[in-house]
Amino acid sequence: MVIVMRRPVTPENLERVLTLIEASGLRTHLSEGQERMIVGVIGDVRHFEESAVERLPGVERVVRIAQPFKLASRTYQNGGSEIAIGCHAASTPSNVGGRRLALIAGPCAVEGREMLLDTAAAVRKHGGTGLRGGAFKPRTSPYSFQGLGEEGLKLLAEAREQTGLPVVTEVPAPEKVDLVCQYADVLQIGARNMQNYALLQEVGRCDRPVLLKRGMWASIEEWLMSAEYILARGNHRVILCERGIRTFETMTRNTLDLSAVPVVKRLSHLPVLVDPSHGTGYVHYVAPMAMAAIAAGADGLLLETHPTPDSALCDGGQSLNPEQYATLVAMLRPLAQVLGREI
Ligand code: PEP
Ligand code: MN
């Protein structure tokens, strides 16, 4: 059960709510966001009389939620969330989850200035609403390129200055959150970190939207529970991203679970993006699966693009070149229109 309190919440009103709940032998969890304060009620609430708390001053509504994920659920919020991205002065803001599809594209890793600025210009020119690029690259091999670190973040900020594209970049560890927040418009949590609870809690206290990728081993419920960690800490701006899961299939890098899109849409109000680059691992499968993702109801795409994929330091085989990226966007436009969306 969650209790939504109207802002501003006075200490007296909050105290009355907490006292009533705790007097019933239940525990509380406060989630204090910018727009609302939520009191989570923990314990066996079957015999708790919600009308008593509903009558208290400052209480907006009381919602009983059967699922283990509460704040992420459609029961908590029936309409789909629209999440604003682009908090930096140079950013052109947009919403993820509204009518307009989010197209967040860019290289797997920021490799240098020229390649990044060229990519950003192409993304801007062809419908892009965000620039992706890893400055910290948690790689499977310790010998692979690990990213440019803060230098990469500075280049992303420069690309934003030139194009207005909000920057989406991965934060790899709790101790890097403050640094990445200085540069990023959206904090990406990588698939490998989906259940790094210390990291989820740390981004949960930030005022930046979070792009939460699904772990390659994670069930949809586990993924939504990870979102819940961030929401429960008071950051209500979570964007989900399906990026493929591990199966027995070897013809693709991962199995892109597009059924997750309608499933999540039914269970949760959070917007969902799809990453067909990591989801398939091969450039020739990216466009068909991108189209399928939008047809399945995704709110947008996370795409890897590189000016010269053959010489990319990371994930070149699944990266679109600028021309392929432009062709895909041209194919997506009429599809979006049929679906009542736009690019
Ligand atoms: C990425 O988006 O560059 C990335 C590393 O993705 P994932 O965490 O899904 O593997
Ligand atoms: Mn990649």
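Tutor: Let us begin with Cys241, which is buried, with a relative accessible area of 0%; buried means under 20%, exposed over 50% and partly exposed in between, with a 1.4 Å probe and protein chains only. This is a predicted model, in which local features need pLDDT of at least 70, side-chain atom pairs count only at pLDDT 80 or more, and totals for chains, interfaces and linings use all residues. Residues are numbered from 1 along each chain as its sequence is written, chains are lettered from A and ligands numbered from 1 in the order in which they are written, and side-chain values use heavy atoms, with hydrogens and water left out.

Student: How many disulfides are there?
Tutor: The count is zero disulfides, a disulfide being a pair of cysteine sulfur atoms within 2.5 Å. Cys241 is in no disulfide, as the nearest cysteine sulfur, that of Cys108, is 13 Å away.

Student: Changing topic: where does Ile294 lie?
Tutor: Ile294 lies in helix H10, residues 283–295. Helices (H or I, at least four residues) and strands (E, at least two) are DSSP runs, numbered from the N terminus.

Student: Is Ile294 buried or exposed?
Tutor: Ile294 counts as buried, with 2% relative accessibility. Leaving aside neighbours within four places in sequence, Ile294 is in contact (heavy atoms within 4.5 Å) with Leu101, Gly300, Leu301, Leu332, Leu335 and Leu339.

Student: At what angle do H10 and H11 pack?
Tutor: H10 and helix H11 (residues 322–338) pack at about 25 degrees, with their axes 10 Å apart. Axes are lines fitted to C-alpha atoms, for helices over the stretch in contact, and angles run from 0 to 180 degrees between N-to-C directions. H10 is therefore roughly parallel to H11; angles under 35 degrees count as roughly parallel, over 145 as roughly antiparallel, 65 to 115 as roughly perpendicular and the rest as oblique.

Student: Which residues of H10 and H11 meet?
Tutor: Val283, Ala287, Ala290, Met291, Ile294 and Ala295 in H10 meet Gln324, Leu328, Met331, Leu332 and Leu335 in H11. By class, this contact of H10 with H11 has 10 nonpolar, one polar and no charged residues. Here Ala, Val, Leu, Ile, Met, Phe, Trp, Tyr, Cys and Pro count as nonpolar, Asp, Glu, Lys and Arg as charged, and the others, Gly among them, as polar.

Student: What about H6 and H7?
Tutor: Helix H6 (residues 197–204) and helix H7 (residues 220–232) pack at about 40 degrees, their axes being 7 Å apart. H6 and H7 are therefore oblique to each other. Tyr197, Leu200, Gln201, Val203 and Gly204 of H6 make the contact with Ser226, Tyr229 and Ile230 of H7.

Student: Turning to the backbone, which residues does the cis peptide bond with omega of about -5 degrees join?
Tutor: That cis peptide bond joins Arg7 and Pro8. Pro8 lies in the loop between strand S1 (2–5) and helix H1 (11–23).

Student: And what is the phi of Asp315?
Tutor: Asp315 has a positive phi of about 55 degrees, although it is not a glycine. Asp315 is in the loop between strand S14 (300–304) and H11, and is buried at a relative accessible area of 18%. Most residues other than glycine have a negative phi, and most peptide bonds are trans.
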